[in-house]
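Please examine the aromatic side chains in the structure shown below.

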Amino acid sequence: MKKLLLITTLLLLGYVAQAQSRGENYDETKVPVYTLPDPLICENGEAVTTTGQWETVRRPEILRLFSTQMYGVTPNESIPVDYRLLDEKTDALAGKATCKQIGLRFSKNGKETEAILLLYLPNAIKGKVPVFLSYNFMGNQSLDTDENILVSPGLKFVKSTDDPSMARGFQKDRWPVEMIIDAGFGVATMCYHDIFPDKAELKDESILRLFSDYRQTKDNSEAWQAIGGWAWGLSRIMDYLEQEEKINAEQVALMGHSRQGKASLWAGVQDERFAIVISNNSGCGGAAISKRRYGETFRIMTTSFPHWLCKAAEQYADQEDKLPFDQHELIALVAPRPVYIASAKEDRWADPKGEFLAGVLAGPVYELYGYKGLQTTEMPDLNRPIMNRIGYHIRPGKHDVTDIDWQNYIRFAQLHFGLKGK
Ligand code: GCU
């Protein structure tokens, strides 16, 4: 009887696993043979030997490919923003921090979008402080049970108020704010749904609709979509951080998890005000090498999330070998600023090895600037972070943001901002 039960359970588990599989490969021996473009060889075949050549010729070439073939072109039209202090509490976290909530109202062409930025600043530090900026997934109120935190406006498009994930402090585990404050850093966060509510059918509610040519261009193959919009939003938050007198705007470390890891890399590449860029488990379309086709692939991503990349990216579904670029070059576009890639052992969907390789292969561009890349081609053991100008770690566990990740980001930022750790 017991045996029967076991077999039935195994069959059932097998069935569930099969039902959930989207044809992804997790077998290293089935990774196709692939050739990656060399970030230091220009389209005309010339080798890049100076930083000047990189900055004026090769970097723009690669940037253009990512804009037109992957994330879509970011318009340079400016959208007026009105910032309003909605609330300020100087004794948050038992007096350790000042908590500010800033309302952002974007308005143009008779349309408006509301967003709320949540800011924690350490009280113990008198001067300007470095900051970690990162979007949250479940609303500002998901960071803490504090009743004072306003519910993020973008949530109304994607969740009903009685959804269990709307509970205060729902993602507290991912946000060790006190630990970050104790280390002398501020925390700036906003819900990503405020900028582009994350559903394909909600594009008309997104920030994109405020742009003058939205109607005419929204279906163009190179038009930006959600990832482009989220990246743009991060730059607008940066505009605010530059005005905040307690913040050292030259020490803003941008961190993004998963789909926000993709958006943060894209934001960090386009906006050089971000002093450090951190990708946490960003996977396909983030740090992972696409041509490996391990875990999530272009086909899976562009069909499950047709509103993330530009339409031109769809031509590479099952055709990754035709990609004229790969994600190591996205990492390289952050150079010479410090960049950090983090993986999790059980997060095979995001292809930890592919994420690591992108870090390795971005190295030559950092070396051109005289900085050290990862300096190894061997993946490090679990919890053995590498912290050169390019950083990397793989930790045990699943797709998530944990204290271990944050501890490494804090160390990495202290190292590069020249701050003393405790
Ligand atoms: C899905 C998606 C990934 C993404 C992840 C997330 O798993 O396939 O590309 O990174 O969601 O954002 O959590």
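**Aromatic rings in a predicted model**

Q: Is Tyr192 buried or exposed in this predicted model?
A: The model is predicted. A residue counts as buried when its relative accessible area is under 20%. Tyr192 has a relative accessible area of 4%, so Tyr192 is buried.

Q: How many aromatic pairs does the structure hold?
A: Two rings pair if their centres lie within 6.5 Å. By this criterion, the number of aromatic pairs in the structure is 22.

Q: Which class describes the pair of Tyr192 and Trp230: stacked, edge-to-face or tilted?
A: Planes under 30 degrees apart count as stacked and those over 60 as edge-to-face, while the rest are tilted. The ring centres of Tyr192 and Trp230 are 4.9 Å apart, and their planes meet at 50°, so the pair is tilted.

Q: How many residues apart are Tyr192 and Trp230?
A: Tyr192 is in the loop between strand E5 (186-191) and helix H4 (214-217). Trp230 belongs to helix H5 (residues 226-243). The pair thus links distant parts of the chain, and its members are 38 residues apart.

Q: Is Trp230 buried or exposed?
A: The cut-off for burial is under 20% relative accessible area. The value for Trp230 is 0%, so Trp230 is buried.

Q: Which residue lies over the face of Tyr371?
A: A charge sits over a ring if, among other conditions, CZ of Arg is within 6 Å of the ring centre. At Tyr371, the distance from the ring centre is 3.8 Å, and the residue over the face is Arg389.

Technical notes: Residues numbered from 1 in each chain as written. Predicted model: local features only at pLDDT ≥ 70, side-chain atom pairs only at ≥ 80, totals over all residues. Heavy atoms only, no water. Phe/Tyr/Trp six-rings, centres within 6.5 Å; stacked < 30°, edge-to-face > 60°. Helix = DSSP H or I, 4+ residues; strand = E, 2+ residues; numbered from the N terminus. Buried < 20%, exposed > 50% of the residue type's maximum accessible area, 1.4 Å probe, protein only. Lys NZ or Arg CZ within 6 Å of the ring centre and 35° of its normal.
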